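Biologist: I'm new to reading protein models, so please take me through this one feature by feature.

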Amino acid sequence: MKTKAAVLTGLNQPFEILELDLDGPREGEVLIRFVAAGLCHSDLHLPSGDLPSRLPIVAGHEGAGVVEEVGPGVTKVKPGDHVVCSFIPSCGVCRYCSTGRQNLCDLGEFLLDGQMLDGTFRFHHEGTDIGGMCSLGSFSQYATVSQYSVVKIDQSIPLETAVLVGCGVPTGWGTAVNSGNVRAGDTTVIYGAGGLGMNSVQAAVQAGAKYVVVVDPQEFKRETALKFGATHVFADAAEALESIREITRGQMADQALVLVGTVDETVVQSAFSSVGKGGVVVVTGLGNMEALNVHVSGAELTLWEKTITGSLFGGCNPQYDIVKLLGLYQAGRLKLDELVTQTYRLDEVNQGYQDLVDGKNIRGVIIHDH
């Protein structure tokens, strides 16, 4: 079949809208009609070269849609089911899945090159095989994906809302409560209040943090963070550091969560300085794969027993936590609609990313035409 998609054909290039050939599902695969796709900053690490990937590739790793067809051996879903795609597949049987770390599933080895789990491709253009980001490619009207990448959801939840729990919401949420272990009475500082950081704000508030401090240079994002429950907001990390020292009476923060669009040495150092004894720095945002951007005092790391840890998908289990978070939304305990600043058509994808870079959006969402 034919499908229209936003494709990255070269480094430092805009996404191109191309008509592609799409193969149907093979063993263990499903064909999805995508309804919505989230504009996550991680996709911008492909054209910049920060995340080396096989090109050309269909962008988009945050997607929600309807199952159109299933291949042999598929037992998880059937045609007509509404699903959210997890950008981390989970096989359930590898070392990591079987020990409760589904976000580290071994199937993740395929994500940057975008092929299917058997090493082949479903997207094609003029004789060229084209991958899908995270083996998804949600910036396509249709895609064939692994059943390990889909989570069935309640059909009463609008797909243009549910799409957010495919990446940004669980990643931000889990960064706070899983990787950061935010507890009642804690002081939590969050660097970056976009599509990920805003969900760390929500999670820290629900976990009972006494102070939720947000650092972001964009006034719009700082104002939005206050609406989501932040207690203090700052444009400047140095100003935030002085406030943290004052409000904690010198004890400093318990967690510093780094969720900026591009991680560099400066923000990691700021986060490290903001936590006190036994504090944890969680690095969730991405930077260039070759860049060595974590430089801190080893003596301070030891003597104050600080921890620096990475977080992928917020340490969440896609199969459980996607459904759990949507349940909180249904119960009125989690803001999702308020995260969507603007919607776009597929052919407006580059404008959507320009708005993201300009700090205009918490989350932009593509609504597919069919």
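Biologist: By class, how many nonpolar, polar and charged residues are in the lining of the second largest cavity?

Modeller: First, a heads-up: this is a predicted model, where local features need pLDDT of at least 70 and side-chain atom pairs pLDDT 80 or more, while totals for chains, interfaces and linings use all residues. Residues are numbered from 1 along each chain as its sequence is written, and side-chain values use heavy atoms, without hydrogens or water. Now the lining: three nonpolar, three polar and two charged residues (nonpolar: Ala, Val, Leu, Ile, Met, Phe, Trp, Tyr, Cys, Pro; charged: Asp, Glu, Lys, Arg; polar: the others, Gly among them). They are Glu62, Leu164, Gly168, Val169, Gly195, Asn199, Leu339 and Arg363.

Biologist: How many cavities does the search find at 30 Å³ or more?

Modeller: Rolling a probe the size of a water molecule over the atoms shows where empty space is left. Here, the whole structure holds two cavities of that size (sets of points on a 1 Å grid over the protein atoms alone where a 1.4 Å probe fits but cannot get out; lining residues have an atom within 4 Å of a point).

Biologist: Which strand gives the most to the lining of the largest cavity?

Modeller: Strand β8 (residues 128–132), with three residues (strands are DSSP runs of E, at least two residues, and helices of H or I, at least four, numbered from the N terminus). The whole lining includes Ile130, Gly131, Gly132 and Phe123, and by class it has five nonpolar, five polar and one charged residues.

Biologist: In what order do the six strands of the open sheet run?

Modeller: Their order is β13-β12-β11-β14-β15-β16, with parallel pairing (two strands pair if DSSP finds at least two bridges between them). β13 (232–234) and β16 (307–310) are the edges, each with a single partner strand, so one side of each has no neighbour in the sheet. From one strand to the next, the twist averages 15° (axes are lines fitted to C-alpha atoms; angles run from 0 to 180 degrees between N-to-C directions). β15 (residues 275–283) pairs with β16 over four bridges, and valine 282 has threonine 309 of β16 as its bridge partner.

Biologist: Why does glutamate 348 count as partly exposed?

Modeller: Because its relative accessibility is 26% (buried is under 20%, exposed over 50%, partly exposed in between; 1.4 Å probe, protein chains only). Glutamate 348 sits in the loop between β17 (340–344) and α9 (349–357).

Technical notes: On a 1 Å grid over the protein atoms alone, a cavity is a set of points where a 1.4 Å probe fits but cannot get out, and a pocket is an open set with protein on both sides within 12 Å along at least five of seven lines; lining residues have an atom within 4 Å of a point. Grid points are joined across faces, edges and corners, and a volume is the space filled by probe spheres set on the points.
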